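Please look at the sequence and the model before reading on.

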Amino acid sequence: MAISEADARALSGIVGAANCSARAPDREQHARDASHHAAHTPDLVVWPNNAEEVARILAYANAHGLPVTPWGTGTGLEGGAIPQHGGISLSLARMDAILAVHADDLQVTAQPGLPHQDLNRQLARYGLFFPPDPGANASIGGMLATNAAGIRTVRYGATKDNVLAIQVALADGRLLRLGSRSLKQSSGYNLLQLFVGSEGTLGVITEATLKLAPIPQHTGTAMASFAAVEAAVAAVLDLRLSGLDLAALEYLDSTNTRILADAGVHIAPLPTLLLELHGGAAEAVAGGMNALRAICEAHGATAFRAATDNMERTLLWKTRHSAYEAIVRNHPGQEIVIMDVAVPISAYPELIRSAQDTLDELNLVGYMKGHAGDGNIHIELPYGDETTFVRIAMANQRIAAIAVGLGGTATGEHGVGIGKRDLMRMEHGPALDLMQAMKTLLDPIGILNPGKVLPATH
Ligand code: LAC
Ligand code: ZN
């Protein structure tokens with residue numbers, strides 16, 4: 001339902017004229033995220049300044065049946081922030097303050113629009129950081145909404161593991177506080193986690209108290225190359241079993257390393273692991289790095305480059321961080337689907353094998369990389385025409401089914417959004433009915449991010 005002049009006036013009255021726009025450039029900027037999913041332009045963009053304004057916007061939208069799609073930084077990869085049904089794009093960008101730093105408790109309370117890299121810049125003076133890092137400079141609210149994870153999850157957990165309390169605005173305008181600042185909580189239903197990963201379909205998070213970690217005093221990074229995928233992946237299992245507290249364990253297949261090598265990056269065009277250790281003592285990190293080397297060499301690593309110096313470490317990580325850009329440059333003018341599935345770590349070799357077989361069967365070019373330490377893979381699939389896209393969609397379905405069949409999930413860290421809705425029944429079975437019931441309970445009119453997460457019920 002389109003927004004009327006009267007609606008726009010009412011919403012502008014809540015947030016102030018400077019925080020409400022129906023101008024085309026503003027609307028277009030909130031029409032698509034970082035995924036391949038088609039743009040959909042909202043009728044209006046509003047930028048609330050505080051939780052009360054968010055609550056009042058939702059109450060108004062609920063009373064008038066207007067769709068509301070929350071917006072963080074637009075870096076999502078499954079279309080979660082695309083206003084699929086038009087209506088209001090609710091940008092949290094102007095709610096980006098740190099409300100309290102509880103340094104002795106290793107906690108921070110922040111507003112949802114604050115991007116995590118900005119949060120960490122401000123926390124550096126306390127010697128603390130918020131560990132989940134999805135790569136892009138996602139907002140805290142967006143990370144909570146999708147339960148974003150990334151390369152440090154293997155040691156520090158995903159976003160859901162690093163949140164203690166939230167304030168959330170419900171569709172009817174109620175504001176609730178969920179959780180507490182205690183590390184231990186066994187008090188009733190875990191409503192907080194119901195909202196984490198709900199992608200703005202159950203409520204809008206307006207504040208969060210997050211767990212922090214001390215910035216590591218010493219860090220070691222290593223890059224190990226292997227002649228074959230099987231050797232690299234077998235090393236992953238042993239590295240996890242070693243008891244060494246890895247802070248990152250990333251996999252790049254040779255399609256990735258080859259285009260990086262071709263682009264002049266100093267890397268062998270082979271299956272590669274990137275490893276990192278964090279520690280309070282230099283000796284502990286040095287000893288750990290030796291142990292990592294021994295495990296990789298036992299699996300036939302053809303090279304093992306280790307670095308504790310920051311410049312060198314950055315160079316090693318540059319391989320991982322520039323891989324996506326190299327793919328984009330290698331496929332000019334094409335869109336890219338980024339697949340994301342995860343399995344229990346013991347099934348990782350089988351997942352990689354079956355995923356590669358699926359790509360081969362469907363005659364697709366895919367760049368596979370993974371947060372190997374978490375049993376998570378991404379496959380980047382470029383396409384320039386509809387027939388390739390249809391085959392990619394088939395691969396997406398088949399590989400998700402393989403992951404679920406191996407005891408895993410159709411989406412490890414990118415959320416459901418638009419792209420994975422139709423896989424929810426396959427993954428969750430009758431539990432999906434309970435999810436539908438929760439949605440109806442919390443958002444009976446269906447104003448909150450309609451068209452996302454749950455499959456359409458025709
Ligand atoms: C990454 C994003 C795609 O890991 O999740 O680079
Ligand atoms: Zn990722």
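How are the donor residues of the zinc ion (ligand 2) spaced in sequence? Their spacing is H-x6-H-x34-E.

This is a predicted model, in which local features need pLDDT of at least 70 and side-chain atom pairs count only at pLDDT 80 or more, while totals for chains, interfaces and linings use all residues. Residues are numbered from 1 along each chain as its sequence is written, chains are lettered from A and ligands numbered from 1 in the order in which they are written, and side-chain values use heavy atoms, with hydrogens and water left out.

The protein donors of the zinc ion (ligand 2) are H371 and H378, each through NE2, and E413 through OE. They lie 1.9 to 2.1 Å from the ion. Donors here are N, O and S atoms within 2.8 Å of the metal (3.2 Å for Na, K and Ca); water is not among the atoms, so sites may look incomplete.

Buried means under 20% relative accessible area, exposed means over 50%, and partly exposed is in between (1.4 Å probe, protein chains only).

Around ligand 1 are L77, R320, H371, H378, E413 and H414; a residue is near a molecule if one of its heavy atoms lies within 4 Å of it. By class, this shell has 1 nonpolar, 3 polar and 2 charged residues. In this scheme Ala, Val, Leu, Ile, Met, Phe, Trp, Tyr, Cys and Pro count as nonpolar, Asp, Glu, Lys and Arg as charged, and the others, Gly among them, as polar.

| Residue | Distance to an oxygen atom of ligand 1 |
|---|---|
| R320 | 2.8 Å |
| H371 | 2.9 Å |
| E413 | 3.0 Å |

Taken alone, ligand 1 exposes 220 Å², and the protein buries 83% of that. Accessible areas come from the Shrake-Rupley method with a 1.4 Å probe; for residues, only the protein chains shown count as cover.

## V404 and T409

V404 sits in helix 13, which covers residues 386–405. Helices (H or I, at least four residues) and strands (E, at least two) are DSSP runs, numbered from the N terminus. Setting aside neighbours within four places in sequence, V404 is in contact with T409, A410, M426 and E427, where contact means heavy atoms within 4.5 Å. V404 and V343 are 61 residues apart along the chain, and their C-alpha atoms are separated by 7.5 Å.

T409 belongs to the loop between helix 13 and helix 14 (424–428). T409 counts as buried because its relative accessibility is 18%. Not counting residues up to four places away in sequence, T409 touches V341, A342, A403, V404 and E427. The side chain of T409 also reaches the backbone nitrogen of T411 at 3.3 Å.

E207 is part of strand 10 (residues 204–211) and is buried, with a relative accessible area of 15%. Its side chain makes a polar contact with the side chain of R177 at 2.9 Å. A polar contact is a pair of N or O atoms within 3.5 Å; within protein, one must be able to donate a hydrogen and the other to accept it, and residues adjacent in sequence count only if both atoms are side-chain atoms.

P132 is in the loop between strand 7 (128–129) and helix 5, and counts as buried at 1% relative accessibility. Beyond four places in sequence, P132 touches residues including H116, M143, A149 and N162.

## Further loop residues

N147 has a positive phi of about 50° although it is not a glycine. N147 is located in the loop between helix 5 (140–146) and helix 6 (153–156) and counts as buried at 17% relative accessibility.

V453, another residue other than glycine, has a positive phi near 65°. V453 is in the segment after helix 15 (431–442) and is buried, with a relative accessible area of 9%.

I215 lies in the loop between strand 11 (213–214) and strand 12 (218–225). I215 is partly exposed, with a relative accessible area of 34%.
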